[in-house]
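Colleague: Could you walk me through this one? I have a few things I would like to ask while we look at it together.
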Amino acid sequence: MNDTPTPPTLVMVPPHADATADWPRRLADEVPGLRVLRPETEEAAADALAGADAAYGTLSPELLARAPRLRWLQAPQAGPPPGFYHPDLVAHPAQVTNMRDTYTDHVAVHTLALVLALARDLPGYVRAQSAAVWAPNWDAAAVWPPAGATALVVGAGAVGAEVGRLLAAFGCRVVGVDARLTEAPPGFAALHPADALDARLPEADLVVLTVPHTPRTEGLLDARRLALLRPEALLVNVGRGPIVRLDALVEALDAGRLRAAALDVFETEPLPADHPLWRHPRALLTPHVAGAGPHADERRFDVLRENARRFVEGAELVNVVDKSEWF
């Protein structure tokens, strides 16, 4: 009779990125006592999940039902796409962890690039360049000065805190709104609870959204809240697309109720080619690339390895998600 305990098994669920090809070997080498499988098809994954204690990737309701032993799921993103936290997963006893704080510096720098581009009307100059038109604009009103502006950062977690720190360095007075935090991060003049959002929006010269997509933040900036903004305010969304209602945003831009908006995320991705925001003179768009930058894959592996080590040792995992809130 063999009393040797069966090693815990982690299944990497397809589809796979090329960068993760050597992760099973590296995990096996660096986390003793862990068995790692990387099936190539969903059918093979379903078979492997039957004996899995943990998984990396996205589990549909059908795949989750095939994993009766599952105790831990590592999400491959900081904010997984809509549908990841389906009702079956929320009700399941398995813990879910995410990649929170993996891309903080990249997203924060991208956010500042968007803000500064709007502040100096770089989109207008890019359009002029593409038409070979020399069009200097010396109108002082064409420049949005960060120094002395009030920046409202909605979501003061890792990304929001770094965005606020950078904005403060440019002279902004930074105010935050957050559903969980109670202490203002460095560089913030004040931090308010989530229910203070309506009161803070009319005071802001710049609103930066960094909050994740949750049941509470879906449609957070709708027509009613957009109407609370100053006509000279800037809006930047690097959180998640469903936070901002795009139809209402287009209406606000068309009516001049908002100076300009920069978006890296959208309600529908890819943004349809016929969407008016593509050609809107008051809009600056990037295609969900704020997290792009060096070392991203290694940082994600580091989170997975650390949690795998803790899982094998029976220790508390990092980046644990409140599944009912999706973050």
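Colleague: Leaving aside its neighbours within four places in sequence, which residues is Leu249 in contact with?

Modeller: Bearing in mind that this is a predicted model, Leu249 is in contact with Leu226, Leu235, Val244, Leu258, Ala261 and Leu263, once the neighbours within four places in sequence are set aside.

Colleague: And which residues have the most contacts inside the largest nonpolar core?

Modeller: Leu249 is one of them, together with Leu152, Val207, Leu235 and Leu277, in a core that has 32 residues. The elements that give two or more residues to this core are the strands β6 (150-154), β7 (173-178), β9 (206-209), β11 (260-263) and β12 (283-285), along with helix α10 (246-254).

Colleague: Which element gives the most to this core?

Modeller: That is α10, which gives five residues. There is also a second, separate core of 31 residues, and this one includes Ala151, Ala156, Leu167 and Val174.

Colleague: Staying with β6 for a moment, is Thr150 buried or exposed?

Modeller: Thr150, which is found in strand β6, has a relative accessible area of 15% and therefore counts as buried, the cut-off being under 20%. Not counting residues up to four places away in sequence, Thr150 touches Arg173, Val175, Glu203, Ala204, Asp205 and Leu206.

Colleague: What about Ala227, buried or exposed?

Modeller: Ala227 is exposed, because its relative accessibility is 53% and the cut-off is over 50%. Ala227 lies in the loop between α9 (223-226) and β10 (234-237), and its C-alpha is 7.6 Å from that of Ala252, although the two are 25 residues apart in sequence.

Colleague: Changing topic, in what order do the strands of the five-stranded open sheet come?

Modeller: The order is β2-β1-β3-β4-β5, and the pairing is parallel. At the edges are β2 (35-37) and β5 (95-97), each of which pairs on one side only, and neighbouring strands are turned by 20° against each other on average if direction is ignored.

Colleague: How many bridges join β1 to β3?

Modeller: Three bridges join β1 (residues 9-12) to β3 (residues 54-56), with the two strands running parallel, and Leu10 stands opposite Ala54 of β3. On the pairing with β2, β1 again runs in the parallel sense over three bridges, and here Val11 stands opposite Leu37.

Colleague: Which residues lie on the two faces of β1?

Modeller: Thr9 and Val11 are on one side and Leu10 and Met12 on the other, and as all of them are buried, both faces of β1 are covered. In a regular strand the side chains alternate between the two faces of the sheet.

Colleague: Which helices pack against these strands?

Modeller: Helix α1 (residues 23-30) packs on the sheet and touches β1, β2 and β3, its direction making about 175° with that of β2. Helix α11 (residues 296-313) lies across β1, β3, β4 (72-74) and β5, and runs at about 170° to β4.

Colleague: At what angle do the axes of α1 and α11 cross?

Modeller: They cross at roughly 40°, and the axes come within 11 Å, which means that α1 is oblique to α11. The crossing is right-handed.

Colleague: Which residues make the contact there?

Modeller: From α1 the contact is made by Trp23, Arg26, Leu27 and Glu30, and from α11 by Asp297, Glu298, Arg300, Phe301, Leu304, Arg305 and Ala308.

Definitions and conventions
Residues numbered from 1 in each chain as written. Predicted model: local features only at pLDDT ≥ 70, side-chain atom pairs only at ≥ 80, totals over all residues. Heavy atoms only, no water. Pairing = 2+ DSSP bridges. Helix = DSSP H or I, 4+ residues; strand = E, 2+ residues; numbered from the N terminus. Axes fitted to C-alpha atoms, helices over the stretch in contact; angles between N-to-C directions. Contact = heavy atoms within 4.5 Å. Buried < 20%, exposed > 50% of the residue type's maximum accessible area, 1.4 Å probe, protein only. Core = buried A, V, L, I, M, F, W, Y, C linked by side-chain atoms within 4.5 Å. Parallel < 35°, antiparallel > 145°, perpendicular 65-115°, else oblique. Left-handed = near helix turned anticlockwise from the far one by under 90°.
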